[in-house]
Amino acid sequence: MQRKQATGIDTRMMLPVYAGLFGIICQLFLPWISIPVLRYSRLKQAYSIFGMDACIDAVQQCIQTGGKLPMELLTPSEEAMLRGVGQAVFLAGLLVAAALLGSVVMVFWKRSKSVAAVRIAAALQLVWTVAQFVLVLCVNLFFNERMGRSSSFETLTIHSYVQLTSWVYAQMFAAIAICAAAGRLLRVDTEVRPERYVERTMQEDRRIGKRTWAAMGLIVIAIPLVIFFGIYFLNDRSSVFIGLCIVCLAMLPFAMVFENRRPQARELLLIAVMAAIAVVGRWAFFMVPQFKPTAAIVIIAGIGLGSEAGFLTGAMAGFVSNFLFGQGPWTPWQMFAFGIIGFFAGLLFPPKKKREKKGLHLLALCTYGGLSVLVIYGLVMDFSSVITAVGTFNGKMLLARIISGFPFNVIHAVATVIFLFFLASPMERKLNRIKKKYGLMEV
């Protein structure tokens with residue numbers, strides 16, 4: 001392994017280090033709770049573990065000035081109780097940060113013998129995040145009781161007065177991942193025999209039966225759950241965080257392609273280039289509403305590189321392009337819509353060396369492109385606009401949104417057909433030539 005990357009430590013071993021440093025930064029420098037109603041009183045709404053006294057003072061000030069907290073001022077005993085909880089939060093946060101720092105030091109000092117220390121630190125971080133969930137739940141129950149407000153699922157999640165920021169969820173996911181994978185990540189004594197292109201076979205690279213079904217289940221079930229998690233638990237306030245979660249989930253099916261071998265850098269680079277082309281294509285036609293080549297590029301990527309790569313290309317295109325067009329609650333939905341179009345394109349039009357009836361293939365491809373954009377992308381985005389607007393499903397609003405958005409969806413579908421007609425054949429030839437020349441994957 002190139003003498004452990006010529007620095008004495010393997011690249012995989014750095015993942016627990018990065019996770020530990022990320023946890024320390026979250027604990028010490030980033031806000032962990034938010035009180036959205038305080039913004040109506042022009043008060044700071046997010047607080048770190050160092051700012052609990054300031055948070056309590058802001059709550060009292062919001063109540064006193066007739067803000068969005070319709071209740072009596074906190075009594076001295078209640079205020080003292082909350083300040084005591086704040087001190088406990090501060091001490092627990094420092095303890096977790098110290099444990100994470102210790103695990104980072106142990107990784108560099110003991111290398112593969114630091115598995116137990118890393119898992120203990122990750123377990124403490126996980127317990128700490130669960131404790132934060134319980135703490136915020138108790139505070140919201142306390143506020144609801146003081147206001148005479150019923151405690152239901154919605155009043156304790158999307159409409160709650162105290163909410164966790166996305167950094168807490170990120171810490172929880174990181175802790176779970178490190179606990180599960182610490183042993184494998186820190187086991188660096190295994191030497192891997194280099195794989196040559198001539199040793200690879202089409203049969204090895206084409207094993208996609210059960211793997212593709214697993215990928216489809218992950219895409220159709222897990223990613224929508226993440227999106228709804230962002231709606232109901234993050235109140236649509238962390239679209240970038242949800243987008244990053246979707247990108248990570250999109251990479252899992254793609255990683256299944258390499259379950260029995262290590263990916264070559266040029267394979268990953270090809271997908272990155274296709275995603276970049278999709279982003280640039282969307283930006284190049286920004287002056288024409290809905291007339292974009294993004295869906296066409298994603299479909300071509302799915303056909304040329306496989307269904308898993310098609311989904312990853314679509315998700316990345318939607319996420320990165322919105323840094324130019326604007327991030328918002330619509331970003332995760334666009335990522336999912338573009339990704340699912342690329343995934344189904346790879347299933348319906350698997351890569352082939354030769355296509356006997358190119359005319360019929362192009363006709364079927366253009367038909368799929370138009371219908372998928374009109375039906376899949378259009379319905380997903382129309383549904384998302386209703387959910388984002390009212391927080392719940394409303395059939396009449398959805399029907400009105402479909403009717404009002406139909407002309408725009410038709411323009412998008414026509415644009416996809418046009419771009420596929422002119423770009424599909426030459427780009428497929430280029431992708432096939434690159435794969436043949438460099439011995440890249442056939443999925």
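**Helix packing, burial and cysteines**

Reply: Helix α4 (residues 76-110) packs with helix α5 (residues 115-147) at an angle of about 165 degrees, their axes 9 Å apart. That makes α4 roughly antiparallel to α5 (angles under 35 degrees count as roughly parallel, over 145 as roughly antiparallel, 65 to 115 as roughly perpendicular and the rest as oblique). This is a predicted model, where local features need pLDDT of at least 70 and side-chain atom pairs count only at pLDDT 80 or more, while totals for chains, interfaces and linings use all residues. Residues are numbered from 1 along each chain as its sequence is written, and side-chain values use heavy atoms, with hydrogens and water left out.

Me: What are two packed helices described by?

Reply: The angle between their axes and the distance between the axes. Axes are lines fitted to C-alpha atoms, for helices over the stretch in contact, and angles run from 0 to 180 degrees between N-to-C directions. Helices (H or I, at least four residues) and strands (E, at least two) are DSSP runs, numbered from the N terminus; the protein chain has 15 helices and three strands.

Me: Which residues in α4 and α5 meet?

Reply: Contact means heavy atoms within 4.5 Å. Among them, Val85, Val89 and Leu100 are on the α4 side, with Leu124, Trp128 and Phe142 including those on the α5 side. By class, the contact of α4 with α5 has 15 nonpolar, three polar and two charged residues (Ala, Val, Leu, Ile, Met, Phe, Trp, Tyr, Cys and Pro count as nonpolar, Asp, Glu, Lys and Arg as charged, and the others, Gly among them, as polar).

Me: Where is leucine 74 found, and is it buried or exposed?

Reply: Buried means under 20% relative accessible area, exposed over 50%, partly exposed in between (1.4 Å probe, protein chains only). Leucine 74 is found in the loop between α3 (52-64) and α4, and counts as buried at 6% relative accessibility. Leaving aside neighbours within four places in sequence, leucine 74 is in contact with residues including Val59, Leu82 and Phe142.

Me: How many disulfides does the count come to?

Reply: A disulfide is a covalent bond between the sulfur atoms of two cysteines. The rule here is a pair of cysteine sulfur atoms within 2.5 Å, and by this rule the count comes to zero. Cysteine 55 is buried at a relative accessible area of 5%, and cysteine 62 is buried at 0%.

Me: What share of the protein chain counts as buried?

Reply: Of the 443 residues, 48% count as buried.
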